[in-house]
Amino acid sequence: GPLEKVGDEGEDEEGEEVVEEIVDTNDNHCGFCRQASSTQRGDLVCCDFCPGVYHAGCLGVRKPEDIPEPYSCPVCVGG
């Protein structure tokens with residue numbers, strides 16, 4: 001009936017909003033060099049334990065695939 005259709009649409013919209021909020025909790029610049037995303041320094045890697053993000057290059061990693069998951073940044077590791 002009409003109730004099912006309204007319910008389905010509402011769930012989809014809520015799901016998208018939650019994803020956007022999670023992304024917004026992370027910083028948008030590298031914790032080491034303080035620069036935003038850069039092709040020279042590589043992709044930004046998000047810490048799974050704090051809002052910090054770091055360029056793969058600033059972490060000494062050539063490929064984002066080499067980053068362990070869940071990733072813990074130097075601040076959270078205590079380094």
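Of the 79 residues in the chain, 18% are buried, where buried means under 20% relative accessible area, exposed means over 50% and partly exposed lies in between, with a 1.4 Å probe and protein chains only. The structure is a predicted model, in which local features need pLDDT of at least 70 and side-chain atom pairs count only at pLDDT 80 or more, while totals for chains, interfaces and linings use all residues. Residues are numbered from 1 along each chain as its sequence is written, and side-chain values use heavy atoms, with hydrogens and water left out.

The chain holds two helices and two strands, arranged along the sequence in the pattern α-β-β-α. Here helices (H or I, at least four residues) and strands (E, at least two) are DSSP runs, numbered from the N terminus. Confidence is expressed as pLDDT, the predictor's confidence in each residue, from 0 to 100. The mean pLDDT of the chain is 74, and 63% of its residues reach 70 or more. Of the contacts in the chain with a separation of 6 or more, 32% are between residues 24 or more positions apart.

What makes up the largest nonpolar core? It has 10 residues in all, namely Cys 30, Cys 33, Val 45, Cys 47, Tyr 54, Ala 56, Val 61, Ile 67, Tyr 71 and Cys 73. Such a core is a set of buried Ala, Val, Leu, Ile, Met, Phe, Trp, Tyr and Cys residues joined through side-chain atoms within 4.5 Å. Leaving aside neighbours within four places in sequence, Val 45 is in contact with several residues, including Tyr 54, Ala 56, Ile 67 and Tyr 71.

The cysteines deserve a look of their own. A disulfide is a pair of cysteine sulfur atoms within 2.5 Å, and by this rule the count comes to zero. For Cys 33, the nearest cysteine sulfur is that of Cys 30, 3.9 Å away. For Cys 76, the nearest is that of Cys 47, at 3.8 Å. Cys 76 is partly exposed, with a relative accessible area of 35%.

The structure holds one aromatic pair. Rings of Phe, Tyr and Trp (its six-membered ring) pair if their centres lie within 6.5 Å, and planes under 30 degrees apart count as stacked, over 60 as edge-to-face and the rest as tilted. The rings of Phe 32 and Tyr 54 have centres 5.0 Å apart and planes at 55°, so this pair is tilted. The pair links distant parts of the chain, with Phe 32 in the loop between α1 and β1 and Tyr 54 in strand β2, 22 residues apart. Phe 32 is partly exposed at 45% relative accessibility, whereas Tyr 54 is buried at 6%.

Other loop residues also stand out. Asn 26 lies in the loop between α1 and β1, and its C-alpha is 6.8 Å from that of Val 53, 27 residues away in sequence. Arg 34 has a positive phi of about 65° although it is not a glycine, and Arg 34 is exposed, with a relative accessible area of 54%. Finally, a cis peptide bond joins Glu 69 and Pro 70, with omega about 0°; Pro 70 is found in the loop between β2 (53-55) and α2 (74-77).

Notes
Contact means heavy atoms within 4.5 Å.
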